[in-house]
Amino acid sequence: MLTVHVRVSDAATGQPTPVRLRLVDATGVCRMPFGRLVEFATEPGVDVGGQVRIGGVDFAYIDGVCEVHLPPGPVHVEVSKGPEYLPIHRELILGPGKIVLRLTIEHALDWRSRGWYSGDGRAQELSPHAARLEGAAEGLDVVNLLAHERPPHSNRPAAFVNLLAFSGTQPALEGPPYVVVNTCNSHPVLGTVALLNCHRVVFPLRFGAPDRLDDWSVADWCDQCHRKKGLVVWPDLPRLTMEHPQGEALAALLLGKIDTFEVSPRTAARAFTDWYRLLACGLRLPLMGASGKDSNTVALGALRTYARLEPNQEFSYGAWIEAVRAGRTFVTDGPLLSLTVNGQEIGSVLSL
């Protein structure tokens, strides 16, 4: 077994760049880099970060360099870095004594130069540092990491997840990508909202449990967020169903207290159907794409938001939020499509 040093560089800079990596030897065994587990947790909220299993296939996130034990012989290498980079699928041969693998990944599409910046609208359960590594490896510019109150379950007490990392209007960690920690506020019956770009935490993060007084409302959360110049998102959690109607959240949306409508991979088909129903009612809500990541079975940016800044506007988290609020967005799980209608770009309103 050889100890092999792996380096993945960006073709444009020649410097190591974070990527999602998979190495498989001739026997079909996936070889994990040092510091990553061969068997890792996949349950929601358990040891999230650093690795991911997608469709039963395991990957490791690296910052561009790693070391790994590999046997001599052929090794299959897979490297990816989001939809704007050309993925690598390559068979390499490790000869006796070969202890270095050098790979280069190419940036093929440059949407940033046209003012488009990608972000994950909602991720939970992973640390800010894990979010920065995984977000960079998935080619994101923004990761919205949401602090929340996890209710008690079985013998596990309730907990506040990432609340101490709250950063509000400023990045908790500088980019790329910017990792910003805001909150997800939830009532088990009335509804759930994500409050982004708030300069302070809006409490309580959760209410409606049997031992609490229902002295709050979803509308209160929305109003407080707006007073703090924040953006209110209706997360793509169970909603508008018989079991989870989220009745007050829907009322808040009808009253204009909710700014954007989230779509995530788990329920995208249903979410788009509901969004078109809202459009048919005359309610034009910008879409927010989000992975909803809460375990090692979801990739950050699996469904992402591209938001277009104003011409010559410098990129910042606040500018990205305002682009979403204005509706200059599209969501994607990979494909990128550019179009104009009568000279107007995506997100414009045309009077016909």
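Author: This is a predicted model. Begin with Glu310, which is partly exposed at a relative accessible area of 41%.

Reader: Which residue forms a salt bridge with Glu310?
Author: First the general idea: side chains of opposite charge can pair when their charged atoms come close. Here the partner of Glu310 is Arg328, and the closest N and O atoms are 3.4 Å apart. The pair links distant parts of the chain, 18 residues apart. Glu310 sits in the loop between strand 17 (304-308) and helix 5. Arg328 sits in the loop between helix 5 and strand 18 (329-332).

Reader: Is Arg328 buried or exposed?
Author: Read the relative accessibility. For Arg328 the value is 12%, so this residue counts as buried.

Reader: Which residues other than glycine have a positive phi?
Author: Two cases are worth a look. Asn312 has a positive phi of about 65° and is not a glycine. Asn312 lies in the loop between strand 17 and helix 5, and at 86% relative accessibility it counts as exposed. Ser154 is the other case here, with phi near 55°. Ser154 belongs to the loop between strand 10 and strand 11. With a relative accessible area of 69%, Ser154 is exposed.

Reader: Back to charges. How many salt bridges does the structure hold?
Author: The count is 17. Take Asp25 and Arg31: their side chains meet at 2.8 Å, N to O. Asp25 is buried, with a relative accessible area of 7%. Arg31 counts as partly exposed at 23%.

Reader: Which residues are linked in a network of salt bridges?
Author: Glu84, Arg112 and Asp141 form such a network. Take the pair Glu84 and Arg112, whose side chains meet at 3.4 Å, N to O. Glu84 lies in the loop between strand 6 (73-80) and strand 7 (88-94), and Arg112 in the loop between strand 8 (100-105) and strand 9 (116-123), so the pair ties together parts that are 28 residues apart in sequence. Glu84 is buried, with a relative accessible area of 5%. Arg112 counts as partly exposed at 24%.

Reader: And where does Asp141 lie?
Author: Asp141 is in the loop between helix 1 (128-137) and strand 10 (142-150). Its relative accessibility is 7%, so Asp141 counts as buried. The side chain of Asp141 makes a polar contact with the side chain of Arg112 at 2.7 Å. Beyond its neighbours within four places in sequence, Asp141 is also in contact with other residues, including Tyr117, Pro177 and Phe315.

Reader: What is the volume of the largest pocket?
Author: About 850 Å³. Of the 38 residues that line the largest pocket, the closest to its centre are Gln124, Ser186, Thr192, Leu237 and Pro238. Strand 10, strand 12 (178-187), strand 13 (191-196) and helix 4 (268-280) each give two or more residues to the lining. The lining divides into 10 nonpolar, 14 polar and 14 charged residues.

Reader: One more backbone feature. Where should I look for cis peptide bonds?
Author: Read omega. The bond from Gly175 to Pro176 is cis, with omega near 0°. Pro176 lies in the loop between strand 11 (159-161) and strand 12. Another cis bond joins Phe203 and Pro204, where omega is about -10°. Pro204 is found in the loop between strand 13 and helix 2 (218-227).

How values were computed
Residues are numbered from 1 along each chain as its sequence is written. This is a predicted model: local features need pLDDT of at least 70, side-chain atom pairs count only at pLDDT 80 or more; totals for chains, interfaces and linings use all residues. Side-chain values use heavy atoms; hydrogens and water are left out. Helices (H or I, at least four residues) and strands (E, at least two) are DSSP runs, numbered from the N terminus. Buried means under 20% relative accessible area, exposed over 50%, partly exposed in between (1.4 Å probe, protein chains only). A polar contact is a pair of N or O atoms within 3.5 Å; within protein, one must be able to donate a hydrogen and the other to accept it, and residues adjacent in sequence count only if both atoms are side-chain atoms. Contact means heavy atoms within 4.5 Å. A salt bridge is a side-chain nitrogen of Lys or Arg within 4 Å of a carboxyl oxygen of Asp or Glu. On a 1 Å grid over the protein atoms alone, a cavity is a set of points where a 1.4 Å probe fits but cannot get out, and a pocket is an open set with protein on both sides within 12 Å along at least five of seven lines; lining residues have an atom within 4 Å of a point. Grid points are joined across faces, edges and corners, and a volume is the space filled by probe spheres set on the points. Ala, Val, Leu, Ile, Met, Phe, Trp, Tyr, Cys and Pro count as nonpolar, Asp, Glu, Lys and Arg as charged, and the others, Gly among them, as polar.
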